[in-house]
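Please look over the structure below before reading the notes on it. The notes are grouped by topic.

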Amino acid sequence: MLHLHDTALGQVAALRPREEGRVSMYVCGPTVYGPPHLGHGRFSLVFDVLRRYLEWSGLEVTYVSNITDIDDKIIQRAIEEGRPSAEVAVEYENVWYDAMERLNVRRPDSDPHATAYVDHMVDLVAGLEQAGAAYTTSDGVYLAVDNVPGYGLLARQPLDTLRAGAGERAIVGGDEKRSPLDFALWKLAKEGEPSWPSPWGEGRPGWHTECVVMSLDLLGDGFDLHGGGQDLAFPHHENERAQAVAAGRTFARHWAHNGFVETGGEKMSKSLGNVMNLTELLATFDPRAYRLLVLQSHWRAPVEVTEATVEAATNALAGLDDFARRAADLPDSAAADDSLLGRFRARMDDDLDTPGAMAAVFEGVRAANRAIDGGDAEGAARLAAAVREAASAVGLSLAGKVEVPPQITALVERREAARKARDFAASDSLRDEIGAAGWAVEDTPQGPRVHRKP
């Protein structure tokens, strides 16, 4: 059984599904106002790996991740560029999904859009107000957090400590807020902003409200897991939880938050000016290298993303590809090596220890290479099958056997004849000609192997 760190408990705990054999996951998705950055890429990869591993383990997974298509940032960009906010949202949603496709991140089963749930949010806010959990001011409707049992659970701090440290958050909402921690459920519209009708006047929902109604609508009370980046635990996810509690609903059973991305030893943030564009990274490096870099870092720890670390992951990926090509000629009917898969599963079940799981995979590669060199094709085939299965379980695709064009095969045969005749000048010339055509030839004890150049 998978054991996963639970933010609410502050410790690793068994992930016990609400319904046997099925897992329901809600992961906070993007606010579509610009290109995704590396932090977006990381949380998407972490929860894609978790989803894939759960399915590999035999569980049926329902995966929901929202699209925030109305927000202050979207409105600001629309104003700056002189176009409708809906147009901005559509453009950057397309950019988002293009990046996800390149990362091999599977689409969610449902991707609810905030604008499609505004009526549901109005109903929630009205119910909270009627129950005395929310109050109206001159600029909107706020939730009174002092009346929410256990507020601060995900911050792992008591309410008094959070209130004392609220700082600048007290400014939002002005003097009419009853507590600096109270947050907007409904914002009354300003001139020129998108708005929807409500009992309090034209306006739009607060950011913290959308995920409450969407997750409960699509997954139901007590869904299994709510996830996202570490920066969302407080106040965003805490404020989601607070609304559900105040409304008398049972919210997520398990909370998971991945660590930050760091560049040059500092966490990535807009205030530090080191937010890197994910699309630029994917255009520069093999997208699989970023997945491997994330896999080689524990999901709750910071991950250092620099040119050096991405290049190191690229080199490690090249080694896996080389092995996959070498193993392509092994019998493909062999059963996967149980011992290797057992080590892989043990590491993954221990708080999704992907660094340990990938270490087992690389050890399997080394063992398979030794078996090939020693003439043990059967043992090598079992190990290779296990490597392929483990890589697939975490969404890491590897190079395989490719069809070599006849003209390249002819050049390789001529080069091999030149080598046997010790005509090294001709051999080198033919290698260059093969390389210029986009192929590489590798000399092995079993004869030349050919593959496309990366």
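What follows is a short briefing on this protein, starting with the whole chain and moving to single parts.

The model is predicted. The protein has 454 residues, of which 52% count as buried. It contains 15 helices and 15 strands. Along its principal axes the C-alpha trace spans about 90 × 50 × 35 Å.

- An open sheet is formed by 4 strands, in the order E4-E3-E9-E10, and the pairing is parallel.
- Strand E4, residues 60-65, and strand E10, residues 254-258, are the edge strands, and each of them pairs on one side only.
- From one strand to the next, the twist averages 20°.
- Strand E3 covers residues 22-27 and strand E9 covers residues 225-229; these two pair in the parallel sense over 3 bridges.
- Across this pair, Met 25 stands opposite Leu 225 in E9.

- Leu 54 lies in helix H1.
- Leu 54 has a relative accessible area of 2%, so it is buried.
- Not counting residues up to four places away in sequence, Leu 54 touches Leu 2, Leu 15, Val 23, Met 25, Leu 59 and Val 61.
- Leu 54 and Ser 339 are 285 residues apart along the chain, and their C-alpha atoms are separated by 20 Å.

**Helix H6**

- Helix H6, residues 207-219, lies across E3 and E4 and runs at about 160° to E3.
- H6 is mostly covered, with 10 of its 13 residues buried.
- The buried residues of H6 include His 208, Glu 210, Cys 211, Met 214 and Leu 219.
- The cover over the buried residues of H6 includes E3 and E4, together with helix H4 (118-130), strand E7 (183-188) and helix H7 (233-246).
- Just after H6 comes Gly 220, which takes a positive phi of about 85°.

**Cysteines**

- How many disulfides does the count come to? The count comes to 0 disulfides.
- A disulfide is a covalent bond between the sulfur atoms of two cysteines.
- Cys 28 is in no disulfide, and the nearest cysteine sulfur to its own, that of Cys 211, is 3.7 Å away.
- The cut-off for a disulfide is a pair of cysteine sulfur atoms within 2.5 Å.
- The sulfur of Cys 211 is therefore too far for a bond, because the closest cysteine sulfur, in Cys 28, is 3.7 Å away.
- Is Cys 28 buried or exposed? Cys 28 is buried, with a relative accessible area of 4%.
- Cys 211 also counts as buried, at 1% relative accessibility.

**His 226 in strand E9**

- His 226 has its place in strand E9.
- The relative accessible area of His 226 is 0%, so this residue is buried.
- Which residues is His 226 in contact with, leaving aside its neighbours within four places in sequence? They are Tyr 26, Cys 28, His 237, Glu 240, Phe 251, Ala 252, His 254, Trp 255 and Ala 256.

**Cavities**

- Rolling a probe the size of a water molecule over the atoms shows where empty space is left.
- The count comes to 2 cavities of 30 Å³ or more.
- The largest cavity has a volume of about 160 Å³.
- This largest cavity is lined by 18 residues, and the closest to its centre are Tyr 63, Ser 65, Trp 96, Val 105 and Pro 108.
- H1, E4 and helix H3 (85-102) each supply at least two residues of the lining of the largest cavity.
- H1 gives the largest share of that lining, 5 residues.

Technical notes:
Residues are numbered from 1 along each chain as its sequence is written. This is a predicted model: local features need pLDDT of at least 70, side-chain atom pairs count only at pLDDT 80 or more; totals for chains, interfaces and linings use all residues. Side-chain values use heavy atoms; hydrogens and water are left out. Two strands pair if DSSP finds at least two bridges between them. Axes are lines fitted to C-alpha atoms, for helices over the stretch in contact, and angles run from 0 to 180 degrees between N-to-C directions. Contact means heavy atoms within 4.5 Å. Buried means under 20% relative accessible area, exposed over 50%, partly exposed in between (1.4 Å probe, protein chains only). On a 1 Å grid over the protein atoms alone, a cavity is a set of points where a 1.4 Å probe fits but cannot get out, and a pocket is an open set with protein on both sides within 12 Å along at least five of seven lines; lining residues have an atom within 4 Å of a point. Grid points are joined across faces, edges and corners, and a volume is the space filled by probe spheres set on the points.
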